[in-house]
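Reader: I am new to this structure and would like to learn how to read its features. Please take me through them one at a time.

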Amino acid sequence: MDKKMVGTFYGSFLHDVGKAVQRRSEGRKSNHQTLGSEFISNYTDDEQIINALYYHHDQRENKRTNLRVAEIPEDSVAYLTYIGDNIAAGTDRRYEEGGKGGWDPETPLSDIFNRFGIKQGQRYLHPYEMRPELPSFMDPSNDKDAFSPEKYQDVVELFADGLKKVELTEEYIPSVLNLVEQTMGQIPSDTAVDGEPDISLYDHMKLSAAFACAIKQYLDEQNNYDYKTTLLNRSNSFYKKPAFLMVSYELVGTENFINTITSQGAYKQLRSRAFYVEMLMRWFLDSLLNEVGLTAANILYQNSHDGLLFIGNTTSNAEIVRKAQGRFNEFLLKNFGTKLYLAVGMEEFSAEDIKAVNKKDPNRKEGEYKRVAKNYAELFQRLDRDIDHGLQNRYDMGTLKRLNAFGKKSGRECAVCHSVMNLLPGENKCRLCDKLESFSQDIQNEKYFVVNEDKAGLPLDADHYLHTIGVNELEAGDVSGKIYTKNTYTTGKQQATHIWVSDYSNAPHNNFSYFSDREWQLELGEPTGIKRLGSLMIDIDDLHAKFLTGFYPQEDGKYTTISRFAELSRRIDMFFKLYLNQYAEDYHLSIIYSQGDDAFILGAWDDLLNFVQDVRDEFVSWTDNKITLSAAVGLFQESTPINIIARQTKGLLKTAKFAGKDRIVLFSKENILTFDEYKNDIVLGKLRIIQEFFDGESERGKAFIYKLLSLIREREDRISFARLAYFLTRLEDASSNKEGFNKFKRNIMNWFNDDKEISQTELALTLYVYSIREEG
């Protein structure tokens with residue numbers, strides 16, 4: 001990255017920090033440009049960066065900071081910051097700048113879901129810095145807690161302390177990205193009374209930097225360095241230029257890669273396989289951005305299986321993306337055969353395609369918001385077609401011939417993944433599975449990871465490998481390579497890129513028989529219940545469609561903006577990949593993977609039933625009941641191969657999603673319920689009634705449950721009801737609780753002739769039997 005690009009990044013990424021500085025004062029003594037440039041000059045003497053903060057507006061009422069009268073070079077990064085800010089602001093602040101309503105500097109950040117879906121919400125986030133360890137601080141509330149000057153002072157002090165540990169150079173870009181996200185991820189970018197303060201200052205500045213740096217690439221290829229003329233004097237003309245290239249990717253085969261392992265060592269490396277896939281994709285993105293000379297600011301969202309970023313629309317960038325895709329797929333083919341494949345789509349777009357024309361512009365036409373919303377939909381549809389085309393034509397003729405030439409190998413194979421490649425001498429295990437097995441425990445215990453050329457680690461491409469590192473190694477400065485840190489923000493010499501990883505587990509040494517054997521109940525002397533391993537899969541309903549159309553319903557698509565896409569994806573990503581860990585605490589389970597919109601979890605079957613209800617309720621709260629999820633819970637012998645567990649649970653999940661939204665399937669395809677039905681009709685309804693009666697019965701009384709289940713399953717005609725009556729008479733004779741029995745009897749008789757009610761009764765009885773069954 002050249003020095004000018006570094007200055008462009010910092011100038012545009014930090015251009016609005018003066019807003020936070022300004023809001024810590026009761027009065028508006030100076031504009032945010034002046035305050036920001038004065039503040040940042042304490043940490044750098046780079047005039048390019050300082051000028052970008054001082055001159056990034058064309059405001060005639062502020063003559064000293066007006067870019068049009070600035071005595072700066074025509075190729076100053078201030079012009080790139082100006083245009084990047086205008087494009088970013090034009091996609092999130094669609095009202096007349098400086099409207100009649102004035103400003104409310106104490107307004108907190110609005111919930112991104114307020115303008116999502118048909119119904120407008122009225123929720124706010126808490127006025128603090130980002131706190132990864134405390135999900136409650138990011139949980140929206142109906143209470144509007146003022147972002148007071150005192151709270152801004154705390155945030156600015158934290159930001160200033162972080163700046164003291166860094167230098168505004170290329171090497172510290174990951175640290176500064178961390179620092180600004182941590183301190184300004186819950187500060188509103190805009191506080192206009194007639195605006196919508198649902199875009200954070202971090203996301204606005206990040207997007208501004210992404211646009212500014214991409215524009216520099218576009219102009220550099222044309223040898224155009226007269227930024228003043230092109231970007232300031234002729235900005236309306238520039239907005240029409242296809243300056244940007246949207247890049248979409250999809251890594252197919254990730255779930256099968258993680259789960260398609262059958263026997264020896266399977267459980268020990270499950271979680272490391274999931275983390276490995278996450279790092280494969282993250283390393284590809286970071287390497288690609290490094291090669292094109294950009295930063296993680298240009299990533300709109302990223303998961304372990306798909307993502308979206310944009311770069312400058314240049315011939316060299318497009319070529320770099322295609323070559324990087326080819327190299328990565330060659331690496332995947334060599335190491336994993338056809339199990340994994342990366343498809344990439346690229347489409348150009350202009351600023352005019354994604355931002356509405358200002359209300360003051362005489363060229364503005366009716367239906368402007370609808371036009372832009374339609375442009376977004378068409379852009380994403382073209383990217384989807386690119387991906388589909390890539391998947392249909394994933395291997396060229398030369399590659400196919402090479403694959404066929406390999407033929408089917410015989411002889412020893414890995415007992416875990418069945419690969420016949422790279423086997424360890426004298427062992428029935430491949431090198432990759434061996435490394436993954438030893439790595440599995442480390443990903444939970446270690447916080448730092450490094451990628452370098454030491455071949456002892458897990459391969460991420462042809463030349464780079466992943467390792468865990470300890471804090472002592474970092475502090476001693478004995479680490480070389482790119483550093484990543486898990487589930488925390490770090491700033492300083494470590495220069496670590498943060499990654500969110502759902503990796504909670506309380507299975508000792510990844511021994512999942514702990515869940516099926518129910519050892520904690522044995523230790524407490526409690527009834528163990530049925531000894532089975534539970535599996536849980538969760539998936540967001542129609543996320544892709546909602547991502548494309550979710551902001552369209554309100555005010556003719558006014559809120560369909562690229563900044564809201566980024567904010568939305570960041571919040572959902574944090575829920576599934578970070579806060580899922582906190583929700584899992586105190587449950588007997590192990591999160592195998594959580595990829596941003598879905599999750600796979602193993603654990604105690606009854607804990608999974610409670611956990612999934614908690615997650616669903618938290619997600620409904622998190623999204624203001626505007627996005628739903630579906631889930632499936634399976635029940636297996638501990639010895640069942642993980643590939644079978646995953647495949648069958650996936651089948652149950654498909655059944656849930658086919659039945660509708662907000663559904664859960666329990667154990668078999670016949671047990672499909674909405675989450676509310678499961679909670680109200682089963683857990684708080686029939687199961688509670690059954691427990692209240694049978695918990696007080698003797699073992700002889702409890703034995704009648706199995707006969708009752710048999711009667712329900714054989715229910716076919718009128719004589720079945722007579723059999724039920726006879727059976728209940730026998731149960732009454734055996735019961736010592738006549739009052740409780742009469743209540744139970746009335747309910748059973750009422751439920752018996754209703755298909756839905758008796759089906760739920762059967763499920764509730766089954767759950768009760770599972771909870772009391774004693775097995776050796």
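Reader: How far apart are the mean positions of the positive and negative charges of the chain?

Author: This is a predicted model. The chain has 96 positive and 117 negative charges, and their mean positions are 4 Å apart.

Reader: How many salt bridges are there?

Author: A salt bridge needs a side-chain nitrogen of Lys or Arg within 4 Å of a carboxyl oxygen of Asp or Glu. By this rule the count is 41. One network of salt bridges links Arg616, Asp617, Asp662, Asp676 and Lys679.

Reader: Where in the chain do Asp75 and Lys4 lie?

Author: Their side chains form a salt bridge, 3.2 Å from N to O. Asp75 is in the loop between α4 (47–54) and α5 (77–90) and Lys4 is in helix α1 (residues 3–13), so the pair ties together parts that are 71 residues apart in sequence.

Reader: Which helix holds both Arg282 and Asp286?

Author: Both are in helix α12 (residues 266–292), four residues apart, or about one turn of the helix.

Reader: Are Arg282 and Asp286 buried or exposed?

Author: Buried means under 20% relative accessible area. Arg282 and Asp286 are both buried. Glu347, at 18% relative accessibility, also counts as buried. Its salt-bridge partner is Arg382, and Arg382 is partly exposed at 26%.

Reader: What share of the 776 residues is buried?

Author: Buried residues make up 60% of them.

Conventions: Residues are numbered from 1 along each chain as its sequence is written. This is a predicted model: local features need pLDDT of at least 70, side-chain atom pairs count only at pLDDT 80 or more; totals for chains, interfaces and linings use all residues. Side-chain values use heavy atoms; hydrogens and water are left out. Buried means under 20% relative accessible area, exposed over 50%, partly exposed in between (1.4 Å probe, protein chains only). Lys and Arg count as positive and Asp and Glu as negative; His and the chain ends are not counted. The place of a charge is taken as NZ of Lys, CZ of Arg, CG of Asp or CD of Glu. Helices (H or I, at least four residues) and strands (E, at least two) are DSSP runs, numbered from the N terminus.
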